[in-house]
Amino acid sequence: MNPATANDDRSWLRRLLTTPLGDLLGGHVTGALDPRHQIAVAALPDALKRELHRTVRRAGWRLAPRAELARRLVVDVESQLAAGGNADALAGALAAERKRRSRWRRLRADEAPALTLPAELHRLVDTVVRKTRLSRREKCDVASELSGHFHDGLAAGQPADQLVRDFGDIRAAARLIRRAKLRNRSWQRQLVGYAGRAVQLSLAAALLAWTFLAVRYFGSQPSITHNYLAEMDAAYVGLHEDQRAWPLYREALMDLHLQRETWPMWSTDGAFNHEYRTWAAENQRAVALCRKAAARPQMGFFYQDRGNVDWLTQMSFDQDLATRFLSPEGPTVAALLPHIQEMRTLGHLLLADAWTAAERSDAAAVVADIDAMLAMSDNVRDTHSFLVTQLVSLALFNLAAEHTERLLEAYPALLDDEQLAALDDRFRAALDDGQIAPDFLGERAVIADTLQRVYSDDGKGGGHVTRQGLKTLEIWMPRGQRDLWKQSSLPAATLAWLAEPLDASRYADRREMTEVVAKLFDEAAELSKLSRWQRGESLNDATLLAETVDCNASDPRWRLLWLIAPPFESMLNAVDQAKQQREAVLTVIALQRYRLEHGAWPAALADLVPDLLPAEPVDQATGEPLQYGLVDGLPLLYSVGGNGTDDGGIRAEANRSGLTDPDGDWVLWPPPPPPAE
């Protein structure tokens, strides 16, 4: 019976509330989802209608399932009554089924045809329908067919238990029924089904993979097995006190009466600044301590030295920083290096004293100060071999060489040949006799320590990136890029959290990263032995990394390497500059000695060979001899910056007012006048 065409005494509001959305959009208020009305208009006894109402209420609160169950129950009951069934027996069967059913077990539409069957047959139908794993509509059809079959058997006088035994294997029957229903589906529906199963399998595989990666990423921790900073310290702990220069440098720092401010070294008229002169005069004890320290063979600094306590206190270190300094337990990359930076202060103090001594014609003090500064450079380079320490060491050497050249220009008659020869020997021995090459031992330790704090450890040299490990990398990032997820919205933070295991899985594993890092440092160490003209101008950090690991910066597999790799190019350039400065200062000393001996400047650098120089000085940019010429009777030493042009010093004459010109020439001596402050 169609409820839409039957006599309908329902209110308009009730019909509105039970009308499907599709009908409403079509402009019809049908009330087709009203189960009470479907049962009320059926030609059934009142007692049976009441049982149907009670049964339908067990279908839940949603209208569509209740209306579907009511429709199927009415059709089933009407068909059984038409076949000679008893209304009271059907009502009793419905009541008995409700009693057997758990209170929270809701009825489904596909159970409607079996509700009036005996309990054992109902359970059989329900089990078979569930095991077919078909769609809801197909399950309803299967339930109707099985229920009709069993109703026919009961009508023929067969007992329920006999029908159950005759049915056979439930799983085999469900499998055969499923195959038959699937074959009856249209090809379009089968295609959609295959696609749906493919999507389900893909999602299940993705979820399984994400779960594996998440458990591995969030559940593992880095294993800190080496304290690299303490191991590096061990090389200095056993040194005898009279072999260590650091205690004297430390005493000199603590004895400074006035800390060096950011005074300009040169006054507006080009003279040495008065503040530096006063500073040097007030700190003669610190100067003496620096000279005494320079006579000792090694820096001898180590972090656990309790003698640093008073110095740290004077530097206004708080308790946490002092503890970190005295107990190197944290990341090696975060090691504090204030002692290295303070060596710059002592270097400037020695320079100030050298200029002050030159003004009073104290040549011995000038030589002593330059010698102490060169020794200080060696001492700093001896300390833990960090990249920073080596750069500071080279900077101290460059300062000593540059100011030696300036002193010889400003006071050409200050030093005699013996003193110039002493400086020549000292500069010639500097930078490992000119063969300096950074060993990168400190940076190797920094990277090894970083890897053990980022990766897990499988005990065989392998491991994977961990969440705690990636957090340690924040110290490598600019401050503005840290903790950005904390400032984002909750959905964005959630998505970022879900993506973390996937992103971390793209990093190279620990063994591969360790091998590549070792190869990278070995390659950089070999390149550092070459001059710029030998290794090529095009080699930079990106090129070195790309050639070593055969990748580019956009490859996420090596993102960690690009983040933690040290600035090799800066280090190699600093070595080149120091070597060039060494060549220049040795040449300047030789020029001065030649002038003292012959009373005039040489016409060419070849005149200095072999008595004053073993060979003509080499331009680090081109590999060719340095350019030299006399302009207005004054010597001019310069590098052509790799452009290969030699104009006899005429163009270089224009460079006296600056360090470089647009063509890249580099004036080495005499140094350009200091800029006006």
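Guide: Welcome! Because the model is predicted, local features need pLDDT of at least 70 and side-chain atom pairs count only at pLDDT 80 or more, while totals for chains, interfaces and linings use all residues. Residues are numbered from 1 along each chain as its sequence is written, and side-chain values use heavy atoms, with hydrogens and water left out.

Visitor: Why is the pair F218 and W497 called stacked?

Guide: Phe, Tyr and Trp rings (for Trp, the six-membered one) pair if their centres lie within 6.5 Å; planes under 30 degrees apart are stacked, over 60 edge-to-face, and the rest tilted. Here the centres are 5.0 Å apart and the planes meet at 25°, so the pair is stacked. By this rule the count comes to 17 aromatic pairs.

Visitor: What makes this pair a tie between parts apart in sequence?

Guide: F218 belongs to helix α11 (residues 187-219) and W497 to helix α24 (residues 490-504), so the pair ties together parts that are 279 residues apart in sequence. Helices here are DSSP runs of H or I with at least four residues, numbered from the N terminus.

Visitor: Why does F218 count as partly exposed?

Guide: Buried means under 20% relative accessible area and exposed over 50%, with partly exposed in between (1.4 Å probe, protein chains only). F218 has 26% relative accessibility, so it counts as partly exposed. W497, at 36%, is also partly exposed.

Visitor: And why is E405 called buried?

Guide: Its relative accessible area is 2%, so E405 is buried. E405 is found in helix α20 (residues 387-410). Beyond its neighbours within four places in sequence, E405 is in contact (heavy atoms within 4.5 Å) with residues including Q581, V585 and W669.

Visitor: What makes a set of residues a nonpolar core?

Guide: The members are buried Ala, Val, Leu, Ile, Met, Phe, Trp, Tyr and Cys residues joined through side-chain atoms within 4.5 Å. The largest such core has 125 residues, and Y249 and F427 have the most contacts inside it. Helix α29 (residues 568-598) gives the largest share of this core, 14 residues. A second, separate core of 18 residues includes L44, L48, V77 and L115.

Visitor: How do you know that R557 sits over the ring of W558?

Guide: The rule asks for NZ of Lys or CZ of Arg within 6 Å of the ring centre and within 35 degrees of the ring normal. The charged end of R557 is 5.7 Å from the centre of the W558 ring, and it sits over that ring. R595 likewise lies over the face of W601, at 5.4 Å from the ring centre.

Notes: Helix = DSSP H or I, 4+ residues; strand = E, 2+ residues; numbered from the N terminus.
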